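Hi,

Here's the structure I promised to send over. Have a look, and my notes follow below.

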Amino acid sequence: AAVNAKRAKKGRRNMAKKKDWIQKAIKNPGALRKKLGVKGNKTIPAKKLNKAAKSKNPTTRRQANLAKTLSKMRKK
């Protein structure tokens, strides 16, 4: 019973951390755009996003995947 109580307590702590993940993920708005060389008023082409999602750099890869996910959430 004590093990389950510890596990439940740990789960609540992780939920609190996960709650604000998007604010932490977008600390430097425009960083991916700058890396890909796209001007501020243009959308990033899908071809460039897909290429960046396969990058060797893990940060660029994460940024590209997040951009793809957020583009699906945007109202059109």
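Leaving aside its neighbours within four places in sequence, which residues is alanine 52 in contact with? They are Leu36, Thr60, Arg61 and Ala64. Before you read on, bear in mind that this is a predicted model.

Alanine 52 also belongs to the largest nonpolar core, together with Leu32, Leu36, Val38, Leu49, Ala53 and Ala64, which makes seven residues. At least two residues of this core come from helix H3 (31-36), and at least two from helix H4 (46-52). As a general point, nonpolar side chains in soluble globular proteins tend to be buried together.

Now for threonine 60. You'll find it in helix H5, which covers residues 58-73. Threonine 60 has a relative accessible area of 9%, so it counts as buried, the cut-off being under 20%. Its side chain makes a polar contact of 3.1 Å with the side chain of lysine 35. If you skip residues up to four places away in sequence, threonine 60 touches Lys35 along with Leu32, Ala52 and Ser55.

Helix H5 also holds leucine 66. Leucine 66 comes out at 16% relative accessibility, and since buried means under 20%, this residue is buried too. Again not counting residues up to four places away in sequence, leucine 66 touches Trp21, Ala25 and Ile26. As for alanine 53, its C-alpha lies 9.4 Å from the C-alpha of leucine 66, with the two residues 13 apart in sequence.

Cheers

Technical notes:
Residues are numbered from 1 along each chain as its sequence is written. This is a predicted model: local features need pLDDT of at least 70, side-chain atom pairs count only at pLDDT 80 or more; totals for chains, interfaces and linings use all residues. Side-chain values use heavy atoms; hydrogens and water are left out. Helices (H or I, at least four residues) and strands (E, at least two) are DSSP runs, numbered from the N terminus. Buried means under 20% relative accessible area, exposed over 50%, partly exposed in between (1.4 Å probe, protein chains only). A polar contact is a pair of N or O atoms within 3.5 Å; within protein, one must be able to donate a hydrogen and the other to accept it, and residues adjacent in sequence count only if both atoms are side-chain atoms. Contact means heavy atoms within 4.5 Å. A nonpolar core is a set of buried Ala, Val, Leu, Ile, Met, Phe, Trp, Tyr and Cys residues joined through side-chain atoms within 4.5 Å.
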